[in-house]
Amino acid sequence: MLKRHSEFLKSLLLIFDLSIICACWVAAYYIRFAGTLAPVTKGVPPIVPYLWLLLPIVVVWGISFQAFNLYRPRRMGSHLAEFFDIAKANTLSVLILVALTFFLRQYEFSRLVLLYFWLLNLLALGFSRMAFREGLRFIRRLGYNQRHCLIIGAGKLGQRVVHSLGLHPEFGVKVHGYLTRHPQKLGQVLEGIPVIGLFDDVKKIVAGGFDIVFLCLPPDAEEHAEKILSYLATTTVEVKVVPAIYEFITLRADAEMFEGLPVITLQGSPLYGWNVVLKRGVDLLVAVTALVIMSPLFLLIAALVKLTSTGSVFYRQTRMGLDGRAFEMLKFRSMQVDAESETGPVWAQANDPRRTPIGAFLRRTSLDELPQFWNVLKGEMSIVGPRPERPEFIMQFRERFPQYMLRHKMKAGITGWAQANGWRGNTSLEKRLEYDLYYIEHWSVWFDVKIMLLTLWRGFVHKHAY
């Protein structure tokens with residue numbers, strides 16, 4: 001029954017897609033010849049030849065969309081990934097259509113119609129598919145259109161899968177239980193799910209009506225994996241294998257295929273391709289705007305620093321940035337010259353006697369950090385990112401916190417997710433690290449904008465800014 005329901009949805013979606021495609025073809029004709037986007041110089045051609053092309057269009061797009069597997073279940077997929085698949089299939093189909101019309105020499109079809117058709121398809125199919133997926137997700141949140149799931153492996157990895165599925169009820173995956181190799185775990189409830197059997201019970205339990213099985217075995221259970229997979233291969237259940245190596249993932253992981261082999265990147269950075277361009281573009285826009293608008297404030301602070309103490313206006317301090325590279329971070333000087341000549345590198349303390357008369361105010365309000373917009377312009381820092389630390393302190397922190405160096409997978413920032421949530425200055429290093437890694441794991445341009453707005457909303461004054 002479940003399979004028939006799935007096939008019905010696929011057929012319905014295919015018919016809906018083809019209907020949209022036909023409507024886009026007719027709309028492209030009218031936009032070209034009845035609209036005002038481009039002048040018609042050779043007269044309006046009859047629509048009948050264009051309507052005759054609907055037959056090959058339906059055939060080409062139907063075959064292409066099936067070839068790109070656009071009707072596979074996507075319960076756990078993203079809208080963006082599906083849009084890219086649609087774009088690739090649509091582009092290939094348009095190229096095939098262009099090739100077909102080339103051989104119809106007795107009639108010349110408008111190239112603008114073909115261009116409008118390609119663009120309309122992208123927009124209409126992308127929006128309709130997103131609406132369709134969101135509709136299904138709404139239904140699944142209500143408890144309908146569910147898939148019944150079994151987790152083989154009750155260790156940390158299996159529990160992590162259960163926890164992740166619990167965060168996404170829109171996937172419609174209902175976990176009923178774990179299988180374990182340890183009899184003493186039978187009956188235990190882990191992440192709200194009971195352990196209902198042993199590995200040897202897999203035949204009996206899977207036959208009870210499961211749709212999805214997650215195989216989450218530890219590295220030393222290889223002999224069980226072979227036996228379990230051999231049995232599952234004789235069933236129609238959907239098998240998802242989570243490699244044991246994922247227990248050791250410390251940061252944003254990616255899986256990709258290389259010559260048919262799955263390759264897993266354990267400690268990747270989210271900044272690659274267009275993401276680098278987008279983040280750099282935002283950095284330049286904000287930094288230039290800030291430097292121009294706040295230039296009078298810069299001059300005022302510089303004058304106050306110079307008038308209230310001897311020494312330079314700016315203070316340069318070595319910090320560690322992207323990929324562990326050192327750079328000189330700029331600040332307005334808030335301490336006396338040679339403040340660390342006797343103590344060596346130390347953190348500032350409350351009521352620190354080394355501060356200049358204006359330095360206490362600058363540090364409390366974070367105005368001493370403003371010259372770092374210049375570091376952003378030079379590409380050494382970003383507006384948003386983990387706050388950079390001094391190499392002397394990093395040598396200590398990396399021993400206490402093995403994941404600390406992962407902060408350097410992104411450029412250091414003037415502000416960050418930890419700072420926007422109050423974890424700055426002399427506060428918990430564990431919490432700051434937790435928030436920094438969360439930021440890297442979930443980075444997006446919109447996340448950066450949110451952090452900037454939170455920083456402005458909550459202000460620059462902080463009780464731990466000494």
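Colleague: Which helix gives the most to the lining of the largest cavity?
Modeller: That's helix H15, residues 429-441, which puts in four residues. Keep in mind that this is a predicted model.

Colleague: Which residues line the largest cavity?
Modeller: Arg387, Glu389, Tyr404, Arg407, Gln419, Leu429, Arg432, Leu433 and Asp436. Sorted by kind, the lining has five charged residues, three nonpolar ones and one polar one.

Colleague: What volume does the largest cavity have?
Modeller: About 60 Å³.

Colleague: And how many cavities of 30 Å³ or more are there?
Modeller: The structure has three.

Colleague: Let's switch to charges. How many salt bridges does the count come to?
Modeller: The count is 15 salt bridges. Take Lys279 and Asp448: their closest N and O atoms are 2.6 Å apart. Lys279 sits in helix H9 (residues 274-293) and Asp448 in helix H16 (residues 445-458), so this pair ties together parts that lie 169 residues apart in sequence.

Colleague: Is Lys279 buried or exposed?
Modeller: Buried, at 4% relative accessibility. Asp448 is buried too, with a relative accessible area of 4%.

Colleague: What about Glu238, which residue does its side chain meet in a salt bridge?
Modeller: Lys240, at 2.7 Å from N to O. Glu238 counts as partly exposed at 36% relative accessibility, and Lys240 is partly exposed as well, with a relative accessible area of 26%.

Colleague: And how far apart are the closest N and O atoms of Arg325 and Asp323?
Modeller: They are 3.7 Å apart, and the two form a salt bridge. Both Arg325 and Asp323 are exposed.

Colleague: OK, aromatics next. How many aromatic pairs does the count come to?
Modeller: It comes to 16 aromatic pairs. One of them is Tyr29 with Phe33, a tilted pair with 5.1 Å centre to centre and 55° between the planes.

Colleague: How are Tyr29 and Phe33 placed in helix H1?
Modeller: Helix H1 covers residues 2-33, and the two are four residues apart in it, so about one helical turn separates them. Tyr29 and Phe33 are both buried.

Colleague: What kind of aromatic pair do Phe83 and Phe84 form?
Modeller: A tilted one, with 6.4 Å centre to centre and 55° between the planes. Phe83 is partly exposed, at a relative accessible area of 31%, and Phe84 is partly exposed at 47% relative accessibility.

Colleague: Back to Tyr29. Which aromatic cluster is it part of?
Modeller: One that brings together Trp25, Tyr29, Tyr30, Phe33, Tyr50, Trp61 and Phe117. Trp61 is also one of the buried residues of helix H3.

Colleague: Which other residues of H3 are buried?
Modeller: Besides Trp61, the buried ones are Leu54, Ile57, Val60, Gly62, Ser64 and Phe65.

Colleague: How far does H3 reach from its first C-alpha to its last?
Modeller: H3 spans residues 54-67, 14 residues in total, and reaches 20 Å. That is close to the 20 Å expected at 1.5 Å a residue.

Colleague: Which residue takes a positive phi just after H3?
Modeller: That's Asn69, with a phi of about 55°.

Methods
Residues numbered from 1 in each chain as written. Predicted model: local features only at pLDDT ≥ 70, side-chain atom pairs only at ≥ 80, totals over all residues. Heavy atoms only, no water. Expected span 1.5 Å × (residues − 1). Buried < 20%, exposed > 50% of the residue type's maximum accessible area, 1.4 Å probe, protein only. Phe/Tyr/Trp six-rings, centres within 6.5 Å; stacked < 30°, edge-to-face > 60°. Salt bridge = Lys/Arg side-chain N within 4 Å of Asp/Glu carboxyl O. 1 Å grid on protein atoms, 1.4 Å probe; cavity = no way out; pocket = protein on both sides within 12 Å on 5 of 7 lines; lining within 4 Å. Points joined across faces, edges and corners; volume = space filled by probe spheres on them. Nonpolar A, V, L, I, M, F, W, Y, C, P; charged D, E, K, R; others polar.
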